[in-house]
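Visitor: Could you walk me through this model and tell me what stands behind the words you use for it?
Guide: Gladly, let's look at it together.
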Amino acid sequence: MEVVHPRCAGLDVSKRDVKVCVRIQGRGSRPTRATVTTWGSTTRQILALRDMLVAEGVGMVVITDARSADAVMSSAHAAGVEAWLAGRVVRGSGNVILE
């Protein structure tokens, strides 16, 4: 299988915080690394998150929950990181559905 984005991140955005999983493809004997962190929703935290994504060399970000993702999307685009919205998360009766 071809690796399309060797350095990517998934972001779950809520009004209170942003959960981030950065995945960096391994090479040779180095294993693939996935790191999960939580960031606040303040401007300072969003900018720090952007700086971390740039420092890690992340080239693609997929973001859930478009209702709260405007600041994160703008920050990613300003840093030259490709960002996509995965859809809107709908919660109900114990299930999570991605529309």
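Visitor: Where is the place of Thr64?
Guide: Thr64 sits in strand E4, residues 60-64. Strands (E, at least two residues) and helices (H or I, at least four) are DSSP runs, numbered from the N terminus. Before we go on, this is a predicted model, in which local features need pLDDT of at least 70 and side-chain atom pairs count only at pLDDT 80 or more, while totals for chains, interfaces and linings use all residues. Residues are numbered from 1 along each chain as its sequence is written, and side-chain values use heavy atoms, with hydrogens and water left out.

Visitor: Why does Thr64 count as buried?
Guide: Its relative accessibility is 19%, and buried means under 20% relative accessible area, with exposed over 50% and partly exposed in between (1.4 Å probe, protein chains only). Thr64 therefore counts as buried.

Visitor: What makes the pair of Thr64 and Asp12 a polar contact?
Guide: The two side chains come to 2.8 Å. A polar contact is a pair of N or O atoms within 3.5 Å; within protein, one must be able to donate a hydrogen and the other to accept it, and residues adjacent in sequence count only if both atoms are side-chain atoms. So Thr64 and Asp12 are listed as a polar contact.

Visitor: What is the secondary structure of the protein chain?
Guide: There are two helices and seven strands, in the order β-β-β-α-β-α-β-β-β from the N terminus. Of the 99 residues, 30% count as buried.

Visitor: How do you know that E1 and E2 pair?
Guide: Two strands pair if DSSP finds at least two bridges between them. Strand E1 (residues 7-13) and strand E2 (residues 17-24) are joined by seven bridges and run antiparallel, so they meet that definition.

Visitor: How many bridges join E1 to E4, and do they run parallel or antiparallel?
Guide: Five bridges join them, and they run parallel. Cys8 has Met60 in E4 as its bridge partner.

Visitor: Why is the pair of Lys19 and Asp17 called a salt bridge?
Guide: A salt bridge is a side-chain nitrogen of Lys or Arg within 4 Å of a carboxyl oxygen of Asp or Glu. For Lys19 and Asp17 the N to O value is 2.8 Å, so the pair qualifies. The structure holds three salt bridges.

Visitor: Are Lys19 and Asp17 buried or partly exposed?
Guide: Lys19 has 37% relative accessibility, so it counts as partly exposed. Asp17, at 16%, counts as buried.
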